[in-house]
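Subject: Structure handover

Hello,

Here is the structure you asked about, with the sequence. My notes on it follow below.

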Amino acid sequence: MSALDTLDLETLRTALRARPDVITGDPELMAAIRAADSGDSVVDLGQRRQKKLEKDLRKARATSDALIALAKANMAAQAQTHAAVLAILEAEDLAALDHKLAGRVAGALSVDAVRVFLEGHSPLKDADAILGCSPELADGLLGDESERLGLVNGRFADALYGPLGPNMRSEAIARIEIGGHPGVLCLASRDARAFTADQGADLIHFLARALERRIAPWLRS
């Protein structure tokens, strides 16, 4: 004899009519009732709709989390660029700027190398970051593009980053022109994920324009 056989079913019905929340408030019991009521050959549209809503909710949450993460990453990149530009503005002469680019600016941007190359012109005798280069380097690196972000081009790694070249995995390169001399700004990192082709180039573009304006007066003097 089951427990159900010992119950007074009329008393049970009366109790459930008075307290329907006993059933409606129990998700497992409600699911069992739907399954028993629908049978194998009947589609439970309510349950299917609920599952779809749950799936859509999970997808919406995942999208929201991804957007939040992207926004935080963009804010961090903006803060790094602003710190780098402030360091550039603090340099009192070209030699000081060269020192800041190789040290403080690289640190602010969380990269391993910062280089500024000017075609056909070496503005400093001893420099770590502001260097002269052969003509057409910018075209060789960028072609018709103004900026490029992605994996390091192995053909140019040694020429751009010297002893650091073999260890660099990703780079951001922007075309510049200072005092009539074309050139490039190069940022490089040991982290292959630091710069990727799907990233926006707004911040490297902004940094390049800031450097052009800061260096130009010293080249004319």
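How many bridges join E1 to strand E2 (residues 130–133), and do these strands run parallel or antiparallel? There are 4 bridges, and the two strands run parallel. Please keep in mind that this is a predicted model.

The sheet

E1 and E2 belong to an open sheet of 5 strands, ordered E2-E1-E5-E4-E3, with mixed pairing. E2 and strand E3 (147–151) are the edge strands, each pairing on one side only. On average, neighbouring strands of this sheet are turned by 25° against each other, direction ignored.

Strand E1 (residues 113–119) is largely enclosed by the rest of the structure, because 7 of its 7 residues are buried. Both of its faces are covered. Ala113, Arg115, Phe117 and Glu119 are buried on one side, and Val114, Val116 and Leu118 are buried on the other. In a regular strand, side chains alternate between the two faces of the sheet.

Ala208 is a residue of helix H8 (residues 202–220). Ala208 is buried, with a relative accessible area of 0%. Leaving aside neighbours within four places in sequence, Ala208 is in contact with Ala174, Ile176 and Leu185. Ile176 is 32 residues away along the chain, yet the C-alpha atoms of Ala208 and Ile176 are separated by 6.4 Å.

The cores

The largest nonpolar core has 34 residues, of which Leu97, Leu101, Leu185 and Leu187 touch the most other members. At least two residues of this core come from each of helix H4 (45–90), helix H5 (94–109), E1, strand E4 (170–178), E5 and H8. With sequence neighbours within four places left aside, the contacts of Leu185 include Val114, Val116, Ala172, Ile204, Leu207 and Leu211. A second, separate core of 17 residues includes Ile173, Val184, Cys186 and Ala188. In soluble globular proteins, nonpolar side chains tend to be buried together.

Regards

Notes. Residues are numbered from 1 along each chain as its sequence is written. This is a predicted model: local features need pLDDT of at least 70, side-chain atom pairs count only at pLDDT 80 or more; totals for chains, interfaces and linings use all residues. Side-chain values use heavy atoms; hydrogens and water are left out. Buried means under 20% relative accessible area, exposed over 50%, partly exposed in between (1.4 Å probe, protein chains only). Contact means heavy atoms within 4.5 Å. Two strands pair if DSSP finds at least two bridges between them. A nonpolar core is a set of buried Ala, Val, Leu, Ile, Met, Phe, Trp, Tyr and Cys residues joined through side-chain atoms within 4.5 Å. Axes are lines fitted to C-alpha atoms, for helices over the stretch in contact, and angles run from 0 to 180 degrees between N-to-C directions.
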